[in-house]
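This report describes a protein model with two chains.

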2 protein chains.
Amino acid sequence: MRIMLVGFGVVSQSFAEILHSQSSELARDYGIRPRVVAAVDSAGAAIDPSGLDVQLALRSKRESKSLSGLGENVYTEGKPASEVIREVDCEVVVEATPSELTRGEPGLTHVRTAMKEGRHVICVNKGPLALAMPALMELATHNEIMFKFSGTVGGGTPVLDLAKKCLEGCSIRSIKGILNGTCNYILTKMAAESVEMKEALAEAQKLGYAEADPANDIEGFDSACKLVITSNYVMGTSLSIRDVDIRGITEVTMDSVASAKSQGNALKLVGLVGDGAKVAPEEVPLTHPLNVSGTFNAVTFDTDPAGEITLVGKGAGGRETASSVLRDLIEIRKDFRR
Amino acid sequence: MRIMLVGFGVVSQSFAEILHSQSSELARDYGIRPRVVAAVDSAGAAIDPSGLDVQLALRSKRESKSLSGLGENVYTEGKPASEVIREVDCEVVVEATPSELTRGEPGLTHVRTAMKEGRHVICVNKGPLALAMPALMELATHNEIMFKFSGTVGGGTPVLDLAKKCLEGCSIRSIKGILNGTCNYILTKMAAESVEMKEALAEAQKLGYAEADPANDIEGFDSACKLVITSNYVMGTSLSIRDVDIRGITEVTMDSVASAKSQGNALKLVGLVGDGAKVAPEEVPLTHPLNVSGTFNAVTFDTDPAGEITLVGKGAGGRETASSVLRDLIEIRKDFRR
């Protein structure tokens, strides 16, 4: 199975590591014999149709922050991903470049190009899906390829699969989720230690839970992306992030957190799809399963007749998210008809 | 699809109702056209190869607590289930008689008989599985039939399916669960209202959360059954309930609950499979997703590399559990080769 990694950040690196370390299990349990034929990052592309030396690629990236350590026979500086996707033959393209939520680029072009070339696509990048999921689903069907994106929601926690594979015969009336670990960490800390947002955010940044520019998280855009993807996949809506009414946690004060607590509630950044789609700070009863602590994510599906079903797990992390990419790869392998 | 209902209690009745009320969706979405050809309870059997009048059966059961209202052409008093299973042709037998944990009877005989007759089996009864799951799995394989039992763990919450269908490529290192809603209700109430076990149990009985004889619940046997089934199904063990070290909540005092709380923990009846299998009262951090309130059930799978994944939902209820039976039926339909 020839795999192309577009974007070679934390998730792609963890995924490459897992492919390498679990190669005998993957062959035995699923008949998967992976070969990474190309890895591309923003600086250039490493290509080897007979399979890259993954260990060397990881070391090069670690030591020099680039793939140049693979040598000039393999590495070409400045070669753009779309060109590589068109030129190098493979079965699966993993799109894992950073999410960009205005135009979805360059991920959107990568995904489209891969689909037009007839490659199966595993997308970890929320941008293309938040902006153009219905069109991409159609393009995938038209090109008869599989389009998977488990890692975009919940990191390694199988939120999308749970709804799709385990709730057959149930109707899902609404989806309610704590979808951003950074915001949840901040709100949990504000409640537990009675500190202001600024202090909690600084701590989140120190611990690596929040980025230097935390806007996408704390302004609710990341939650909105995940809500859109989950709703479209699970409830069959055709939302884009522009359809979501978004309010982040930037205006949450210590007082509002304390006031919620005094009412037996926790103030959480909640994404909700039911009658409309919105992301906003909302009070959740302390005893409700959605009231998860720290960086946890949680999603509640309100179903008939199975009632409320909540899935809780880590919402981020390179290795965790890579496990979603692996699940997608196994799914693709099962339907392999090449 | 000809279906036989063995045991016609709350779950079977809810299932029959769902089959009736959702018949057009079932035909459209899954190609399922169900016909209940027999329903058997401890008093007798109603049989009609062309399909029972389900509405009439439900009304008869409601009004006279028996199926006799279906009339003497259909109903035979005292006719035992095993005889009906052998005599009446059908594709699927639903075993939903009460759980019995010493010999697993009469459920075990029903399940074995159905399998030997080449019927697919959906078992909602924990007894046969807690005592003889490995042998039953083998018998199912030998007879080339499907054996499903989603409703035995978590009511309508898809605990078994989550682990089996959504965690591929992950290894599961341990399973930890709050598996009995009655115990969890009692312990939650003891902690929240500082009352003794006796008072909390009486309240649970008043609300219908606990039976008149609560031994199976509060002595931990029900939790142990669910632990055995989950472990065998998910981790490939060959446990029976006799292999589980079981301690219920009967000796839990208001003091031990309060002491846990003062340490930032909640005292819960926890089932654990990892290094051995046990059920015992154990402290769970208040911030852990397993710390669910009231009658909720929760199961945490500790996986590599996706981390801890917790599923929370209602652990009981007729309609909820019937939704698991329906999921099993849909699964069977998908693999139908008759």
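Lys65(A) is found in the loop between α3 (54–64) and β4 of chain A. Its phi is near 55 degrees, a positive value in a residue other than glycine. Helices (H or I, at least four residues) and strands (E, at least two) are DSSP runs, numbered from the N terminus.

This is a predicted model, in which local features need pLDDT of at least 70 and side-chain atom pairs count only at pLDDT 80 or more, while totals for chains, interfaces and linings use all residues. Residues are numbered from 1 along each chain as its sequence is written, chains are lettered from A and ligands numbered from 1 in the order in which they are written, and side-chain values use heavy atoms, with hydrogens and water left out.

**The sheet of chain A**

An open sheet of seven strands in chain A has the order β4-β3-β2-β1-β5-β6-β7, with mixed pairing. At its edges stand β4 (75–77) and β7 (147–148) of chain A, each with a single partner strand, so one side of each is left without a neighbour in the sheet. Two strands count as paired if DSSP finds at least two bridges between them. Strand β1 (residues 2–6) of chain A runs parallel to strand β2 (residues 35–41) of chain A, and five bridges join them. Within this pair, Met4(A) has Ala38(A) of β2(A) as its bridge partner.

**The interface**

Contact means heavy atoms within 4.5 Å. By this rule, 37 residues from chain B and 36 residues from chain A take part. The two chains bury about 2,900 Å² between them, 58% of it on carbon and sulfur atoms. In chain B, the residues that lose the most area to chain A are Cys166(B), Glu168(B) and Pro305(B), together 21% of what that side buries. Buried area is the accessible area (1.4 Å probe) that two parts lose on being put together, summed over both.

Four salt bridges are found across the interface of chain B and chain A; the rule asks for a side-chain nitrogen of Lys or Arg within 4 Å of a carboxyl oxygen of Asp or Glu. One of them joins the side chains of Glu168(B) and Lys334(A) at 2.5 Å, N to O. α7 (159–165), β12 (296–304), β13 (307–314) and α13 (318–334) of chain B each supply at least two residues of the side of chain B that touches chain A.

How do the β13 strands of the two chains run where they pair? Strand β13 (residues 307–314) of chain A and β13(B) run antiparallel, joined by five bridges. Thr310(A) has Val312(B) of β13(B) as its bridge partner.

**Symmetry**

Chain B is superposed on chain A by a rotation of 180 degrees with 0.0 Å of shift along its axis (RMSD 0.0 Å). That is the relation of a two-fold axis. Of the residues of chain B, Leu311(B) comes closest to the rotation axis, with its C-alpha at 2.3 Å. The same surface serves both copies, as 97% of the contact residues of chain B recur in chain A.

Definitions and conventions
Least-squares fit on C-alpha atoms with pLDDT ≥ 70 in both.
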